[in-house]
Amino acid sequence: MAYSTLTRATLRARLQDRFTGDPFWSATEANDALNEALRQFNLFTGYWRGSATALTTAGSPFVTVPGSLTYRTRVTRSGFALARKSIVEFYRMRRNWRTQPTPTGSPVPSTMKEWAPIGLGTIAVWPTDAAGGTTLTFEAVRLTPVLIADGDFLDLGDEEL
């Protein structure tokens with residue numbers, strides 16, 4: 001099937017076409033069901049992807065993730081990917097990881113090497129950026145688009161429907 005831009009009204013009409021007889025739901029309920037289905041689709045497939053940047057803060061191991069992203073798949077610094085760890089691994093492998101800044105030298109590297117997710121809105125980096133202002137690029141799954149009006153469109157191929 002061809003790629004097309006679909007409006008909320010078109011999606012609702014397709015939903016009603018799949019039901020034989022008179023639908024037992026209102027247009028509002030159909031709209032809510034469509035938006036929920038899009039959220040589920042994005043959850044299972046990660047279809048809507050994007051990237052965003054954030055700056056590190058001097059002496060802080062925590063970086064706030066831009067709000068348009070939900071699930072981070074990769075974090076890079078100057079084109080180099082940081083290794084993904086868990087916060088538990090940070091604590092088990094380096095007891096004082098929060099207080100280890102970048103320019104201290106051996107055994108702490110001079111650049112950030114690892115990151116760990118802490119919820120949806122924050123990550124931790126190791127070692128901490130002593131100077132601050134380093135740009136981190138997040139590649140992630142974006143928030144699912146929400147169709148509010150009948151004219152709102154969705155970039156989605158027919159094969160995904």
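Modeller: The model is predicted, and the count comes to four salt bridges. Asp150 takes part in a salt bridge with Arg8, at 3.0 Å from N to O. Because Asp150 sits in the loop between strand E9 (135-142) and strand E10 (153-157) while Arg8 belongs to helix H1 (residues 8-17), this pair ties together parts that are 142 residues apart in sequence. Asp150 also forms a salt bridge with Arg12, where the closest N and O atoms are 2.9 Å apart. Arg12 is in helix H1 and Asp150 in the loop between E9 and E10, so this contact ties together parts that are 138 residues apart in sequence. Through shared partners, Arg8, Arg12 and Asp150 are joined into one network of salt bridges.

Asp150 is partly exposed, its relative accessible area being 34%. Arg8 is buried, with a relative accessible area of 10%, and Arg12 is buried as well, with a value of 12%. Buried here stands for a relative accessible area under 20%.

Another salt bridge pairs Arg94 with Glu114, and their closest N and O atoms are 2.9 Å apart. This pair links distant parts of the chain, 20 residues apart: Arg94 is found in the loop between helix H3 (87-93) and strand E7 (114-118), and Glu114 in strand E7. Both Arg94 and Glu114 are buried.

Notes
Residues numbered from 1 in each chain as written. Predicted model: local features only at pLDDT ≥ 70, side-chain atom pairs only at ≥ 80, totals over all residues. Heavy atoms only, no water. Salt bridge = Lys/Arg side-chain N within 4 Å of Asp/Glu carboxyl O. Helix = DSSP H or I, 4+ residues; strand = E, 2+ residues; numbered from the N terminus. Buried < 20%, exposed > 50% of the residue type's maximum accessible area, 1.4 Å probe, protein only.
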